[in-house]
Amino acid sequence: MTEFLVALFKYGFIQNAVLAGLLSSLACGIVGTYVVVKRITFISGGIAHAVLGGMGVAYYLGVDPLRGAVVTAILSAVLLGLVNLKAKQHEDTIIGALWAVGMAVGIIFMSLTPGYNVDLMSFLFGNILMVTSPVLRVLFFLDLIILLVVATFYRQFLLVCFDEEYARLRGLPVEFLYILLLCLIALTVVILIKVVGLILVIALLTLPAAVSGLFSHNLSHMMGLATVLGLIFIMVGLVVSYNLNLPSGATIVIIAGGCYLGALGLNKLYLFMLRRKKH
Amino acid sequence: MAKVLELQGVSFAYDRRLILEDLNLVVEEGDFLAVIGPNGGGKTTLLRLILGCLEPVRGSLSVFNLPPRKARHLIGYVPQFGEFNKDFPVSALEVVLMGRLLPDNLFPKYSAEDYAAAYDGMSAVGVRNLADYRFGELSGGQKQRTLIARALAAKPALLILDEPTSSVDSRVEQDIYELLTQLNKKVTIIMVSHDLGFVSSYINKVACLNRKMVVHNTGEISKEVISELYRSSVEMITHQCQL
């Protein structure tokens, strides 16, 4: 731990990593809460994997891959939103197709790009230690958008997630709100790709919120607790990976997964004790 | 008596399959109408027409003399329940407040008036003390009452319920019907139901729906003879349902 603290003050890249952890835990706490309560993990996975296609194309064209990621993420969010609303019976097939085709496109374009593709691994598994200051600025900006949109539509999102049919009957623009929510997920995916990589995005999007959901009685508490938990997972993961010289993204996810299992166990135990007390 | 709902020769079809055929119905202020009929008979479709989610293929339909879409703010709706996520982190009060939400209400802040209306609704159905409980922790009957409170929070002139007793046991079912009878003193009620037995003593109109609709007034019958006469009337309805 002290070793890490020394490094934290000594190296700019560690400071950037901590800031990136902070920014991504905010995004995954807020948006992940919606993913968990609305049960749209699979859609989020589809968006995350489709993003590789956009990054590959951007890489091939010599554009910043982050830009390709934002465009593809938003496009696939809108597409999957429309599929959910217009062709629900084929939804899971289409998500699966987008998931696989996105990755295939990404891999083909990366292999077409001349030179040695060291970046592919960092797209897939992320590297929080490689986050640069310009990237931090983009992450900050994306966080700001997410916060503003959620603050504005907090009650609308709550109603759409809880009871879509009732929302529709109250005259709420359910289609618009649903697609907007998917776009927020898309932005979060882009942020998280920088930290844990797209293969592990789903873990950070769902695990902090899932743990938090076990202990929260309302949505804003769940978001707050999920943010704190996300930050803890990322920081602990960072320290452990630094000390043991392990890949940071995978370490973060293992820690998050372990905490989720532990929390589930504790929750079950608590309910069990409660029942025994009653008898 | 003011007309709450009027259907004139309403037909509806999905693609070419006729779901509703030539429905005529008038619901007046203070009525308690039960719509009964077999599954697939078009009950839910009828509700969607009244709520303005679907447009009739033929005929006209008005709610408070307005097109249904424009009358939505006058309707309190209680959906059929059973599909709620048990783990959803939302309190009973927050659920009731949803009834106050209008499409242009941005930012997370309800007014004092909204809270007052929500508490009124909860008091009217006897769940005021459950306001802070997580919705998923409530019993079936408490959930159903909370959903009725949500509909009432909108201060509706017409209350529409879709199978309000489909997922509660028979004791709770009777409680809910008695509650609806109380509410009926102030608000017109339309209820879709699959079972007529219990419904019988509380309602004043029955619409039997199986693509076509037959409407019966039960309010004309005096209370003393209701059970005697009603039994035969039930049989008649059952018979006419098999169109």
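In chain B, an open sheet is formed by 3 strands in the order 2-1-4, with antiparallel pairing. The structure described here is a predicted model.

Between strand 1 (residues 3-14) of chain B and strand 4 of chain B, the antiparallel pairing extends over 5 bridges, and Leu5(B) is found opposite Val63(B) in strand 4 of chain B. Helix 1 (residues 43-50) of chain B lies across strand 1, strand 2 and strand 4 of chain B, and runs at about 120 degrees to strand 1 of chain B.

In chain A, the axes of helix 7 (residues 133-162) and helix 9 (residues 174-196) come within 10 Å and cross at roughly 150 degrees. As angles over 145 degrees count as roughly antiparallel, helix 7 of chain A and helix 9 of chain A are therefore roughly antiparallel to each other, and helix 7 of chain A passes helix 9 of chain A in a left-handed crossing. By class, the contact of these two helices of chain A has 18 nonpolar, 2 polar and 1 charged residues. Helix 7 of chain A contributes residues including Leu139(A), Ile146(A), Phe153(A), Gln156(A) and Phe157(A), whereas among those that they meet in helix 9 of chain A are Leu177(A), Leu184(A), Thr188(A), Ile191(A) and Lys194(A).

Notes:
Residues are numbered from 1 along each chain as its sequence is written. Chains are lettered from A and ligands numbered from 1 in the order in which they are written. This is a predicted model: local features need pLDDT of at least 70, side-chain atom pairs count only at pLDDT 80 or more; totals for chains, interfaces and linings use all residues. Two strands pair if DSSP finds at least two bridges between them. Helices (H or I, at least four residues) and strands (E, at least two) are DSSP runs, numbered from the N terminus. Two residues are in contact if their C-beta atoms, placed from the backbone, lie within 7 Å. Axes are lines fitted to C-alpha atoms, for helices over the stretch in contact, and angles run from 0 to 180 degrees between N-to-C directions. Angles under 35 degrees count as roughly parallel, over 145 as roughly antiparallel, 65 to 115 as roughly perpendicular and the rest as oblique. A crossing is left-handed if the near helix is turned anticlockwise from the far one by less than a right angle, and right-handed if clockwise. Ala, Val, Leu, Ile, Met, Phe, Trp, Tyr, Cys and Pro count as nonpolar, Asp, Glu, Lys and Arg as charged, and the others, Gly among them, as polar.
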